[in-house]
Amino acid sequence: GPACLTRAILKKGVKSLTLLEIDQRFEPLLADIKRDYSNVDYRICDALEFDFSVAKDSIIISNLPYNVSTALLFIFPENRK
(Lines give C-alpha, C1' and ligand atoms only; values in the text may rest on other atoms or scores of the structure.)
Protein backbone atom coordinates (compact mmCIF):
# COMPACT_ATOMS: atom_id res chain seq x y z
CA GLY A 1 0.00 0.00 0.00
CA PRO A 2 0.99 3.64 0.40
CA ALA A 3 3.35 2.80 3.33
CA CYS A 4 1.50 4.63 6.11
CA LEU A 5 2.00 1.68 8.49
CA THR A 6 5.62 1.30 7.37
CA ARG A 7 6.45 4.92 8.13
CA ALA A 8 4.80 4.68 11.56
CA ILE A 9 6.87 1.58 12.39
CA LEU A 10 10.09 3.22 11.21
CA LYS A 11 9.43 6.26 13.41
CA LYS A 12 9.53 3.89 16.40
CA GLY A 13 13.18 3.15 15.67
CA VAL A 14 13.08 -0.54 14.79
CA LYS A 15 16.37 -2.42 14.34
CA SER A 16 15.37 -3.80 10.94
CA LEU A 17 12.26 -4.04 8.84
CA THR A 18 11.47 -6.33 5.92
CA LEU A 19 8.47 -5.34 3.83
CA LEU A 20 6.40 -7.67 1.68
CA GLU A 21 4.31 -6.13 -1.07
CA ILE A 22 2.43 -8.01 -3.76
CA ASP A 23 1.61 -4.98 -5.92
CA GLN A 24 4.57 -4.09 -8.14
CA ARG A 25 3.23 -0.58 -8.61
CA PHE A 26 4.48 0.24 -5.10
CA GLU A 27 8.10 -0.75 -5.77
CA PRO A 28 9.24 2.84 -6.50
CA LEU A 29 7.79 3.95 -3.16
CA LEU A 30 9.51 1.09 -1.35
CA ALA A 31 12.79 1.88 -3.09
CA ASP A 32 12.50 5.48 -1.84
CA ILE A 33 11.91 4.26 1.71
CA LYS A 34 14.89 1.89 1.45
CA ARG A 35 17.09 4.80 0.32
CA ASP A 36 15.99 6.81 3.36
CA TYR A 37 16.37 3.97 5.89
CA SER A 38 19.38 1.65 5.84
CA ASN A 39 17.53 -0.84 8.07
CA VAL A 40 14.79 -1.53 5.49
CA ASP A 41 14.62 -4.35 2.98
CA TYR A 42 11.65 -5.20 0.79
CA ARG A 43 10.39 -8.02 -1.37
CA ILE A 44 7.80 -7.84 -4.11
CA CYS A 45 6.02 -11.12 -3.45
CA ASP A 46 2.87 -12.79 -2.25
CA ALA A 47 2.98 -13.11 1.55
CA LEU A 48 1.29 -16.49 1.22
CA GLU A 49 4.33 -17.73 -0.71
CA PHE A 50 7.04 -16.09 1.43
CA ASP A 51 9.32 -18.42 3.40
CA PHE A 52 8.69 -17.18 6.93
CA SER A 53 11.17 -19.69 8.33
CA VAL A 54 13.87 -17.12 7.50
CA ALA A 55 12.16 -14.62 9.82
CA LYS A 56 13.58 -16.06 13.02
CA ASP A 57 13.13 -13.96 16.18
CA SER A 58 10.87 -11.57 14.27
CA ILE A 59 7.67 -9.77 15.02
CA ILE A 60 5.20 -9.92 12.17
CA ILE A 61 2.92 -6.92 11.65
CA SER A 62 0.20 -7.14 9.06
CA ASN A 63 -2.13 -4.75 7.33
CA LEU A 64 -3.66 -7.28 4.96
CA PRO A 65 -7.17 -8.03 3.74
CA TYR A 66 -9.06 -10.42 6.02
CA ASN A 67 -8.93 -13.38 3.64
CA VAL A 68 -5.12 -13.23 3.39
CA SER A 69 -4.64 -12.64 7.13
CA THR A 70 -6.64 -15.75 7.95
CA ALA A 71 -4.54 -17.88 5.60
CA LEU A 72 -1.32 -16.49 7.12
CA LEU A 73 -2.45 -17.42 10.62
CA PHE A 74 -2.32 -21.04 9.50
CA ILE A 75 1.16 -20.63 7.97
CA PHE A 76 2.87 -18.95 10.95
CA PRO A 77 2.62 -21.86 13.43
CA GLU A 78 4.20 -24.18 10.86
CA ASN A 79 7.26 -21.93 10.62
CA ARG A 80 7.54 -20.97 14.26
CA LYS A 81 10.71 -22.03 16.05
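**R25 is exposed at 70% relative accessibility.** Exposed means over 50% relative accessible area, buried under 20%, and partly exposed in between (1.4 Å probe, protein chains only). The model is predicted: local features need pLDDT of at least 70, side-chain atom pairs count only at pLDDT 80 or more, and totals for chains, interfaces and linings use all residues. Numbering starts from 1 along each chain as its sequence is written, and side-chain values use heavy atoms, without hydrogens or water. The side chain of R25 meets that of D23 in a salt bridge, 2.5 Å from N to O. Such a bridge puts a side-chain nitrogen of Lys or Arg within 4 Å of a carboxyl oxygen of Asp or Glu. D23 is buried, with 18% relative accessible area. The structure holds four salt bridges.

Helices (H or I, at least four residues) and strands (E, at least two) are DSSP runs, numbered from the N terminus. R35 is exposed, at 60% relative accessible area. D32 is partly exposed, at 35%.

**K34, D41 and R43 are joined in a salt-bridge network.** The side chains of K34 and D41 meet at 3.2 Å, N to O. K34 is partly exposed, with 36% relative accessible area. D41 counts as partly exposed too, at 26%.

**Strands β1 and β2 pair in the parallel sense.** Strand β1 covers residues 17-21, and β2 covers residues 40-44. Five bridges join them; pairing requires at least two DSSP bridges. L19 has Y42 of β2 as its bridge partner. From β1, the chain passes through helix α2 (residues 27-36) to β2, a right-handed β-α-β crossover. Right-handed means that, with the strands pointing away from the viewer, the path from the first strand over the helix to the second runs clockwise. The faces of β1 separate its side chains. L17, L19 and E21 sit on the covered face. T18 and L20 sit on the uncovered one.

S69 lies 36 residues from I33 along the chain. The C-alpha atoms of I33 and S69 are separated by 24 Å.

**F50 and F52 form an edge-to-face aromatic pair.** Their centres lie 4.9 Å apart, with 75 degrees between the planes. Rings of Phe, Tyr and Trp (its six-membered ring) pair with centres within 6.5 Å; planes under 30 degrees apart are stacked, over 60 edge-to-face, the rest tilted. The count comes to one aromatic pair. F50 and F52 are both buried.

**L5, I59 and I61 make a nonpolar surface patch.** Together they expose about 320 Å² of accessible area, from the Shrake-Rupley method with a 1.4 Å probe, where only the protein chains shown cover a residue. Patch residues have over 30% relative accessible area and no salt bridge; nonpolar side chains (Val, Leu, Ile, Met, Phe, Trp, Tyr) are joined within 5 Å, like charges within 9 Å. I61 is found in the loop between β2 and α3 (66-79). At 51% relative accessibility, I61 is classed as exposed.
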